[in-house]
Amino acid sequence: MEEKIYKIFSGSGALNIAVGVVVLVTGIVSGVLLIIGGAKLLVGKSKILF
């Protein structure tokens, strides 16, 4: 019985680590893309006429 619980907990821990890595990578990539988009807007600011 105790081995079954240990296996469940170890599987759950591995899943949590995998999800954490995916969330971290997604956050970093989206942040970089937002910075690039903002830089392009700042560069083209002089071409905008109102």
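User: Which residues does the UniProt annotation "transmembrane region" cover?
Analyst: In the unreviewed UniProt entry, that annotation covers residues 17-43. UniProt positions follow the numbering used here, feature names are shortened, and annotations may be inferred rather than shown by experiment. Residues are numbered from 1 along each chain as its sequence is written. This is a predicted model: local features need pLDDT of at least 70, side-chain atom pairs count only at pLDDT 80 or more, and totals for chains, interfaces and linings use all residues, while side-chain values use heavy atoms, with hydrogens and water left out.

User: What span should the 42 residues of α1 have?
Analyst: At 1.5 Å a residue they should span 62 Å, and the end C-alpha atoms are 62 Å apart, which agrees. The expected span is 1.5 Å times one less than the number of residues.

User: Is I28 buried or exposed?
Analyst: I28 is exposed, with a relative accessible area of 52%. Buried means under 20% relative accessible area, exposed over 50%, partly exposed in between (1.4 Å probe, protein chains only). I28 lies in helix α1, residues 2-43.

User: How many of the residues of α1 are buried?
Analyst: The count is zero among its 42 residues, so α1 is hardly covered. For the chain, buried residues make up 0% of the 50 residues.

User: New topic. Where is F50?
Analyst: F50 is in the segment after α1. F50 is exposed, with a relative accessible area of 100%.

User: How far apart are F50 and V21?
Analyst: They are 29 residues apart in sequence and 44 Å apart in space, C-alpha to C-alpha.

User: What box do the C-alpha atoms of the chain fill?
Analyst: Along the principal axes, the box is roughly 70 × 15 × 5 Å.

Key
Helices (H or I, at least four residues) and strands (E, at least two) are DSSP runs, numbered from the N terminus.
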